[in-house]
Amino acid sequence: MTMERRNFLKLLGAGAGVATLGLAGCATTNKAGARKVVVIGGGYGGTIAAKYIRMQDPTIEVTLIERNDHYISCPFSNLYIGGLMPDLSSLTIKYDQLAANHGIKVVQAEVTGIDAKAQVVKTSAGDFPYEKCVVSPGVDFRTNEIKGYDDQVMPHAWKAGPQTVLLRKQLEAMKPGGTVILSIPLAPYRCPPGPYERTSMIAMYLKQNKPGSKIIVLDANPDIVSKKGLFLKGWKKHYEGIIDYRPAKKVTEVDNKNMTVLIEGIEEVKGDVINIIPPQKAGHIAHVAGLVGDDGKWCPVRSFDFESRKQPNIHVIGDSSIAGAMPKSGYSANSEAKVCATNIVAMMNGRKMTEMSAINTCYSYLSAKEAVSVTGVYRVNASSQAIEAVPGSVGVSADLSETEAMYAESWIRNILVEMSS
Amino acid sequence: MRRKWSGLALAISAFAFSAAANAIEPTAEILSYACAGCHGTQGASAGPSMPSLAGQSKVFFIDAMKKFKSGERTGTVMARLAKGYSDEQIVLMADFFAKQKRTTQTTAVDPALVAQGKVVYDNACKRCHLENGKEFEEDTPVVAGQWLKYLQIQMGEFRDGKRKISEKKAEKVKSLTAADWEAVAHFYASQK
């Protein structure tokens, strides 16, 4: 009985998800929003969703709403922190070409809410009715979990821009022989290998520019989250004595005046430059619009098309979504956006939906010339309906590689050109 | 009680299956769109070390993917990603990219090396890489107009024996020097 009941509940769950699948195909009752898609967020996910909807059906009107007039890529921003780039200009995209090439209406505004019932996105620049809405807001920080946190003193630099510049300036101003602290939150967070790439890039900067300095890594996780063997190998090869990696050290409190952090309220560590990457949650608008699940952090979605399991006709892609086995990465967001766009176009034209197929490819630099990668191909498991990795496709580089660093440079070129044109 | 539960479960399960059957298998588009993050929208690469796939030979694409998949061709990310696809899916992707318009890159080349590369091409390459590398013969790829950096990486791998050379090619290229490989990379990159 217990077993059967469990099965029943499981099936009920699957059935509930599938029930909305039927509904989603119905014509909208919202006439003002008919054949209109509103995309919120102009990053790795949003730009691609907007573009691939228009590429597949130019009769659908697409509006992309973004609060800034530009976007700075988080991937590769660690290279700027490490001193490998003079500024962030090569990581910055604008929207004019994307808008012109694909007939996307780009609106610079702050989204204040989504009325899921009326199918209207509310913004500082007015209301935008929709038939389908795509939400791709990236992450927000659970700063309440770190007492005293102030990003102007201890930057997160986990959203590229002024925060990234602040962290680099602090490193430049630090005295030789100083101590940098990097605090890593518990997974899941944006870009699993990112904190370890940052560790490498800061260590490289210290080795070259600040003799006698070190970096203490306080990782809330029990171990290195991604590409562990490769990072350890690179650290041993290049940064012996510079990196002090400490697992299971969760920072819970900071003292901005004395430049100390407190681990689990007990152990105090002092630094000259302190980079706190706070624990994360779905972007603000996802919370306002009621898209967040029972965990209070991330957005549950249907695997086919990333439609929210909380609100009909709203799709959540990228870091904010719970995409099964897919990591929270820029490439995942790009790939998810295409799956979402393709099925939105199918639904709006009364066609059958397509099963998802997606990729993640993510590079991390260990030194100025060496990088490593992690890859995966993802699909929907036919019985569980969850997104899973295709066996054999997930893996990391065999070794640190100069060739992979060359490929990485082309990765960032291609993906930013794809987003901006 | 027991029968009631299982009956309900059955009913719901049937519903779930019928709705899932409503979605079709991944199409050529959905499979191929995923490649564009690295290889450019519709296979037109903007990254100097990454090949364009647009307009590529279908036979070559399938052959390359199957070799990555089996491990016969060594690679970095492709050796892993290729394992994520069935042979049927590889054919769909090959079709998609073969249909896209071939793009050429504006890449800086050395005119002296282009001239030198033309001689190498005429002697060793043109029987299979037709029309200065713009056309393909079955399993040979289109190489004209690819990025110089990409061509240099591949030529270097042939030169160093890291990328396996087919038998018919091995005979032709066995006498090529490092300078010849470099020159022919410039030659192909210069072709529009």
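**Ground rules**

I number residues from 1 along each chain as its sequence is written, and I letter chains from A and number ligands from 1 in the order in which they are written. For this predicted model I ask for pLDDT of at least 70 for local features and 80 or more for side-chain atom pairs, while totals for chains, interfaces and linings use all residues, and side-chain values rest on heavy atoms, with hydrogens and water left out.

**Entry 1: chain B as a whole**

I started with chain B, which has 11 helices and 0 strands. Helices here are DSSP runs of H or I with at least four residues, strands are runs of E with at least two, and both are numbered from the N terminus. Along the sequence I read the pattern α-α-α-α-α-α-α-α-α-α-α.

Next I looked up burial: of the 192 residues in chain B, 51% are buried. Buried means under 20% relative accessible area, exposed means over 50%, and partly exposed lies in between, with a 1.4 Å probe and protein chains only.

I also looked at contacts (heavy atoms within 4.5 Å). Taking those in chain B between residues at least 6 apart in sequence, I find that 70% join residues at least 24 apart.

**Entry 2: helix H7 of chain B**

Which residues of H7(B) are buried? In this helix, residues 111-125, I list Leu113(B), Val114(B), Gly117(B), Val120(B), Tyr121(B), Ala124(B) and Cys125(B). They lie on the same side of H7(B) because they cover an arc of only 120° around the axis; the arc is that of the directions from the helix axis to the C-beta atoms.

On the face turned away from that buried side I noted the exposed residues Pro111(B), Ala112(B) and Asn123(B).

What do the buried residues of H7(B) pack against? I found helix H8 (130-133), helix H10 (167-173) and helix H11 (178-190), each in chain B.

At the start of H7(B) I saw a side-chain oxygen of Asp110(B) within 2.9 Å of the backbone nitrogen of Ala112(B).

**Entry 3: H7 against H11 in chain B**

I looked up this pair next: H7(B) and H11(B) have axes 7 Å apart and pack at an angle of about 100°. Axes are lines fitted to C-alpha atoms, for helices over the stretch in contact, and angles run from 0 to 180 degrees between N-to-C directions. The two helices are therefore roughly perpendicular to each other. Angles under 35 degrees count as roughly parallel, over 145 as roughly antiparallel, 65 to 115 as roughly perpendicular and the rest as oblique.

The residues that meet include Val114(B), Gly117(B) and Tyr121(B) from H7(B), and Ala179(B), Ala183(B) and Phe187(B) from H11(B).

From Ala179(B) to Ala54(B) I read 125 residues in sequence and 29 Å in space, C-alpha to C-alpha.

**Entry 4: Glu131 of chain B**

Glu131(B) belongs to helix H8 of chain B. Its phi is near 50°, a positive value in a residue other than glycine. I noted Glu131(B) as exposed, with a relative accessible area of 58%.

**Entry 5: helices of chain A**

I moved on to H2(A), residues 46-56, which is mostly covered, with 9 of its 11 residues buried. Among the buried ones are Ile48(A), Lys51(A), Tyr52(A) and Arg54(A).

Then I took H9(A) (residues 330-348) and H10(A) (residues 402-420), whose axes come within 12 Å and cross at roughly 40°. These two are therefore oblique to each other. Tyr331(A), Asn334(A) and Lys338(A) of H9(A) meet Trp411(A), Ile415(A) and Glu418(A) of H10(A).

**Entry 6: loops of chain A**

Is His156(A) buried or exposed? At 6% relative accessibility I count His156(A) as buried, and I place it in the loop between strand S10 (139-141) and helix H5 (162-173) of chain A. Leaving aside neighbours within four places in sequence, its contacts include Phe141(A), Tyr149(A), Arg198(A) and Pro278(A).

My last stop was the loop between strand S11 (179-184) and helix H6 (194-209) of chain A, where Pro188(A) lies. A cis peptide bond joins Ala187(A) and Pro188(A), with omega about 0°. Cys191(A) is found in the loop between S11 and H6 too, and its phi is near 60°, a positive value in a residue other than glycine. I noted Cys191(A) as partly exposed, with a relative accessible area of 23%.

Methods. Polar contact = N/O pair within 3.5 Å; in protein donor to acceptor, adjacent residues only side chain to side chain.
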